[in-house]
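Please look through the structure shown below with its aromatic side chains in mind, and then turn to the charges on its surface.

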Amino acid sequence: QSLQSNLGQSNRFRREVLILKQALLWKEKAVSSLIKIDNSPLNSVYSDFSATLIEDDLMVFTSDRPLGKNSPMYKWTGNSFTNVFITSTDGTYVSPWLDQINSRDNDGNIALHPSGDFLIFVRCSSEYIELDATCKLMKLERSKEGWGEPVQLAFVLPEFNYGSPAWNEDGSTLFFSSNMEGGRGRYDLYFSKFSQNQFSKPHNLGDRINTEGNEKFPTVFNDTLFFSSDYLPGMGGLDIFKTFIRYDSTWSPPINMKPPFNSGGDDFGLIVNQHFKTDSVYTQMGYFSSSRMNGQGRDDIYQYKIGVPQELPIQIAEQRNIHIVFKTKYPLYDTSDVLE
């Protein structure tokens with residue numbers, strides 16, 4: 001047994017060395033001049049993360065900045081419990097969002113359904129703090145009278161954690177992260193089909209994506225699924241990856257987004273701004289969250305812009321580590337046919 005244990009440790013050590021060498025190579029070859037990264041003006045000295053666009057010029061995000069003078073303190077961080085804030089994309093104002101979401105618990109990670117009729121968010125109740133199974137997915141519906149009261153999703157079980165909800169393009173599939181029983185690792189990615197106002201039993205996305213580590217923060221743009229992993233080869237901490245469903249209904253091997261999207265810190269929650277109008281300089285714009293060293297708080301929201309010179313062929317752009325997401329004629333997969 002000791003021999004097997006030593007061999008296992010040796011293999012893990014070799015793996016970590018290879019990953020470190022690969023990360024250094026990526027950093028050296030990154031074409032950062034064509035990818036512009038800016039710290040968002042909405043950031044504070046607190047943790048600000050998980051940006052979600054709800055209109056072309058309005059964004060909501062999660063933060064542990066205080067709601068007011070009487071904000072309760074979360075003992076794990078020494079700051080306030082997380083809440084959801086709304087801001088203009090230029091950061092000219094920041095304000096707490098809905099009272100139905102913001103409570104005296106940790107609330108955040110908004111996934112607005114494409115219809116605009118309801119949203120999913122995460123609430124981590126201190127009621128279950130001793131069980132380490134505190135975070136649940138909540139549904140909040142909107143009517144002509146306004147927003148109602150949040151209700152826990154039916155498939156959520158009390159003994160497990162759930163987080164990072166995200167919708168596919170047409171709102172037929174909800175993606176999320178969970179440590180529920182039967183997963184590949186500590187936190188895996190799952191999906192649930194949504195039809196006739198009902199959610200199906202969650203399905204694991206399979207071991208082409210999920211590892212023995214943590215897979216979290218799924219987001220979707222057209223046919224591309226972004227997510228973060230702390231086990232797949234990366235720069236350190238959580239790294240952002242992208243994948244898509246292939247013609248045979250299997251997931252493509254995840255692709256590391258590399259620097260400057262990924263760093264030695266945690267990088268997660270990448271979203272593409274579908275309202276951004278391309279011009280002669282930039283082809284795409286969006287946001288992601290990171291705990292990298294140059295931030296203002298523990299987590300910050302960053303804006304990225306991708307520029308590709310007109311004379312640069314796409315094949316060369318890919319070889320030079322310019323990460324571009326293209327809209328295809330295929331909608332984001334029918335996940336009911338995913339082969340695991």
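In this predicted model, a search of the whole structure finds 20 aromatic pairs. One of them joins Phe 194 and Phe 199, whose ring centres lie 4.7 Å apart and whose planes meet at 45°, so the pair is classed as tilted. Phe 194 has a relative accessible area of 13% and is therefore buried, since the cut-off for that class is under 20%.

A further tilted pair is made by Phe 217 and Phe 268, with 4.4 Å from centre to centre and 35° between the planes. Phe 217 belongs to strand S16 (residues 215-221) and Phe 268 to strand S20 (residues 267-272), so this pair ties together parts that are 51 residues apart in sequence. Both Phe 217 and Phe 268 are buried.

Glu 55, Asp 56, Asp 57 and Asp 90 form a negative surface patch. Within this group, Asp 90 is placed in the loop between strand S4 (83-88) and strand S5 (94-96). How does Asp 90 count in terms of relative accessibility, and at which value? With 46% relative accessibility, Asp 90 counts as partly exposed, because that class covers the range between under 20%, which is buried, and over 50%, which is exposed.

Key: Residues numbered from 1 in each chain as written. Predicted model: local features only at pLDDT ≥ 70, side-chain atom pairs only at ≥ 80, totals over all residues. Heavy atoms only, no water. Patch = residues over 30% accessible without salt bridge, like charges linked within 9 Å, V, L, I, M, F, W, Y side chains within 5 Å. Areas by Shrake-Rupley, 256 points an atom, 1.4 Å probe, with all protein chains shown as cover. Salt bridge = Lys/Arg side-chain N within 4 Å of Asp/Glu carboxyl O. Lys, Arg positive; Asp, Glu negative; His and termini not counted. Charge placed at Lys NZ, Arg CZ, Asp CG, Glu CD. Helix = DSSP H or I, 4+ residues; strand = E, 2+ residues; numbered from the N terminus. Buried < 20%, exposed > 50% of the residue type's maximum accessible area, 1.4 Å probe, protein only. Phe/Tyr/Trp six-rings, centres within 6.5 Å; stacked < 30°, edge-to-face > 60°.
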